[in-house]
Amino acid sequence: MDLGINGRRAIVCASSRGLGKACAMSLAAEGVAVVMNGRDAGTLKAAVDEVRAAAGAGGADVTGIACDVTTAAGRDALLAACPAPDILVNNAGGPPPAHFRGIKESDWHAALNNNMLAPIALIQSVVDGMMERNFGRIVNITSAAVKAPIPALGLSNGARAGLTGFVAGVAREVAAHGVTINNILPGPFDTDRLRANFRYNAEQSGGDAEALMAAGRRANPARRFGEPPEFGRLCAFLCSVHAGFINGQNIVVDGGAFPGTL
């Protein structure tokens with residue numbers, strides 16, 4: 001399927017690894033000019049090279065901007081590289097696991113800044129231009145924990161739920177101008193973040209991280225973890241011309257782990 005976004009411009013945040021990189025790869029393969037982002041210059045360069053190679057001759061320009069998207073200076077650097085994006089994929093590393101009794105006020109400030117306020121700031125910076133051009137796609141990578149909170153990830157549960165509530169209203173305000181805002185809520189995908197969470201759980205329980213991961217795979221209805229390319233392709237579709245009537249949605253991608261009907 002031709003997604004109809006060849007020649008469009010995209011900013012993909014926190015895309016030097018994991019789900020963000022998978023999104024950048026899928027968009028670049030569709031001919032989207034992608035600005036990738038990461039804090040470590042070496043890791044980012046390797047990711048940019050990988051995305052360029054995967055996109056091949058039919059892919060578009062891929063640029064890497066080494067900066068921290070959770071800071072105003074980092075966001076300014078991204079917007080300087082791509083001042084009029086047609087696509088914005090918001091993403092940032094989640095807060096560390098913590099027992100709720102040990103969460104400090106400073107932990108909350110960091111979590112809210114990184115996983116709620118920073119993506120909101122980028123949305124505010126790009127949405128008017130998208131509306132003027134009558135095309136825009138904003139995808140926020142949040143977490144399945146928005147629908148089914150994970151006890152050890154209280155900081156993430158709260159901050160990402162706040163972002164979800166904010167964009168629910170904005171999405172309805174901009175839809176008539178060809179702009180959509182949707183959230184993808186990943187469950188267990190085989191990423192560095194997932195493995196770090198299993199290591200934390202192993203430390204807390206005195207168990208073995210690999211054994212816990214194996215049990216996690218067995219517990220999922222799909223009997224496996226998701227693969228990042230699966231996530232990236234969904235993101236690319238939501239950014240396509242075919243997804244203009246999908247707006248304000250929270251799409252859970254978790255192999256069927258969430259047990260609810262809605």
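Okay, let's start with one piece of the fold: β1, helix α1 (residues 18–29) and β2 together make a right-handed β-α-β unit. Before I go on, keep in mind that this is a predicted model.

So, the sheet. There are 7 strands in an open sheet, and the order across it is β3-β2-β1-β4-β5-β6-β7, with parallel pairing. Which strands stand at the edges? Those are β3, residues 62–66, and β7, residues 250–253; each has a single partner strand, so one side of each has no neighbour in the sheet. Going from one strand to the next, the twist averages 15 degrees. As a quick reminder, strands in a sheet pair through backbone hydrogen bonds, and they can do that parallel or antiparallel.

Let me walk through some of the pairings. β1 covers residues 9–12 and β4 covers residues 87–90; the two run parallel, with 3 bridges joining them. If you want a pair to click on, A10 has I87 as its bridge partner in β4.

Now the helices that sit against this. Helix α4, residues 105–133, packs on the sheet and touches β1, β4, β5 (136–141) and β6 (179–186). The direction of α4 makes about 165 degrees with that of β4. Helix α5, residues 154–174, also packs on the sheet, where α5 touches β5, β6 and β7. For α5 the angle is about 155 degrees, taken against the direction of β6.

Is β2 mostly covered or mostly open? Mostly covered. Take M36, which lies in β2: its relative accessible area is 0%, so M36 counts as buried.

The idea is simple enough: roll a probe the size of a water molecule over the atoms, and you see where empty space is left. The largest share comes from α1, with 5 residues, and that is the helix from the β-α-β unit I opened with.

α4, β5 and α5 each give at least two residues to the lining of the largest cavity, and α4 has the largest share, 5 residues. So that's α4 again, the helix packed on the sheet.

A few single residues before I stop. N197 is found in helix α6, residues 192–205. Is N197 buried or exposed? Buried, because its relative accessible area is 15% and the cut-off for buried is under 20%. Leaving out residues up to four places away in sequence, N197 touches P97 and L153.

And finally, some backbone angles. Most residues other than glycine have a negative phi. N134, though, has phi near 60 degrees, a positive value in a residue other than glycine. N134 lies in the loop between α4 and β5, and with a relative accessible area of 51%, N134 is exposed. R223 also has phi near 60 degrees, which is positive, and R223 is not a glycine either. You'll find R223 in the loop between α7 (209–219) and α8. R223 is exposed too, with a relative accessible area of 56%.

That's my tour, thanks.

Conventions. Residues are numbered from 1 along each chain as its sequence is written. This is a predicted model: local features need pLDDT of at least 70, side-chain atom pairs count only at pLDDT 80 or more; totals for chains, interfaces and linings use all residues. Side-chain values use heavy atoms; hydrogens and water are left out. Two strands pair if DSSP finds at least two bridges between them. Helices (H or I, at least four residues) and strands (E, at least two) are DSSP runs, numbered from the N terminus. Axes are lines fitted to C-alpha atoms, for helices over the stretch in contact, and angles run from 0 to 180 degrees between N-to-C directions. Contact means heavy atoms within 4.5 Å. Buried means under 20% relative accessible area, exposed over 50%, partly exposed in between (1.4 Å probe, protein chains only). A crossover is right-handed if, with the strands pointing away from the viewer, the path from the first strand over the helix to the second runs clockwise.
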